[in-house]
Amino acid sequence: MFNKLEAAGQNSDIDVEEFIKFYLALANRNLNHLGRHSENVQIISDAIAENYGIKPPERQILKYGSLFHDIGKMSLPSEILNAGRALTSVEFEIIKTHTMFGWNTLDFFHSLPTEIKALAMTHHHRNGHGYPKQFIHKIDIDALLVDILTVSDSFAAIMEPRVYKRPLNEAQALAVINDPDNDKNAGLNRGVLEVLKHLVDNKKISLNSFF
Ligand SMILES: [Fe+2]
Ligand SMILES: [Fe+2]
């Protein structure tokens with residue numbers, strides 16, 4: 001499966017790792033440290049995947065799915081992404097479209113495995129508790145990979161500083177993501193959360209600093 005991605009790099013003279021560096025730098029410069037967020041999500045999701053014993057082809061899918069999961073934000077107005085205030089309900093509806101734009105953007109990379117596009121489309125789905133409610137494309141992806149990416153994305157976002165919130169340390173972020181009274185945690189995979197807690201407790205995750 002991943003061979004398709006490698007083959008794409010070789011046949012079209014695109015070095016995939018170079019392309020990723022280019023994307024992450026662009027995302028950092030234009031989109032409020034989105035590149036560093038994406039790298040953090042990749043670090044967390046890979047540590048969880050390793051703990052589950054997920055095999056290399058799926059781990060590669062998860063790696064690239066994690067790095068590109070928010071690429072659809074590049075299609076959204078920077079005035080909304082960098083608003084520096086709470087968003088209106090209409091603006092939040094626009095933010096939700098980054099999942100669909102993620103699929104559409106990655107679709108330009110014709111040889112990219114469909115699973116990577118599916119991860120961009122589903123990373124806020126939260127087993128029906130999030131968005132989008134329906135998919136316009138056929139989604140064929142291992143649900144565990146989606147759940148790992150969703151938990152990793154949420155955990156990274158909770159830890160990272162935002163214009164409207166202070167950063168949290170790992171223990172504080174674990175408490176937030178495991179809070180049963182927090183509606184934002186609906187649909188998160190409990191097993192994946194337990195693996196995350198095990199990794200944090202044993203200091204197996206070390207993220208990029210935002211400072
Ligand atoms: Fe996202
Ligand atoms: Fe994200």
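I began at Phe68, which touches Leu106, Ile116 and Ala120 once residues up to four places away in sequence are set aside; for contact I required C-beta atoms, placed from the backbone, to lie within 7 Å. I kept in mind that this is a predicted model, in which local features need pLDDT of at least 70 and side-chain atom pairs count only at pLDDT 80 or more, while totals for chains, interfaces and linings use all residues. Residues are numbered from 1 along each chain as its sequence is written, and chains are lettered from A and ligands numbered from 1 in the order in which they are written.

I then looked up the largest nonpolar core, which has 31 residues, and found that Phe68, Leu119, Ala120, Leu145, Ile148 and Phe155 touch the most other members. Such a core is a set of buried Ala, Val, Leu, Ile, Met, Phe, Trp, Tyr and Cys residues joined through C-beta atoms within 7 Å. I noted that at least two residues of this core come from each of α3, α4, α7 (98–106), α8 (114–122), α9, α10 (170–177) and α11, and that α9 gives the largest share, eight residues.

For the whole protein I recorded 11 helices and zero strands, where helices (H or I, at least four residues) and strands (E, at least two) are DSSP runs numbered from the N terminus. I noted that 31% of the 211 residues are buried, a residue being buried if 20 or more other C-beta atoms lie within 10 Å of its own, exposed if 12 or fewer, and partly exposed in between, with C-beta atoms placed from the backbone. Among contacts between residues at least 6 apart in sequence, 67% join residues at least 24 apart.

I turned next to α3, residues 34–52, whose 19 residues reach 27 Å from first C-alpha to last, close to the 27 Å expected; the expected span is 1.5 Å times one less than the number of residues. The buried residues of α3 include Leu34, His37, Val41, Ile44 and Ile48, and what covers the buried residues of α3 includes α2 (16–30), α4 (56–68), α9 (143–159) and α11 (190–201). Just after α3, I saw that Gly53 takes a positive phi of about 75°.

Last, I asked why Asn51 counts as partly exposed. I found 16 other C-beta atoms within 10 Å of Asn51, which is why this residue is classed as partly exposed. Asn51 lies in helix α3 and, leaving aside neighbours within four places in sequence, is in contact with Val195 and Leu199. I also noted that Asn51 and Leu199 are 148 residues apart in sequence but 8.5 Å apart in space, C-alpha to C-alpha.

Conventions. Contact = placed C-beta atoms within 7 Å.
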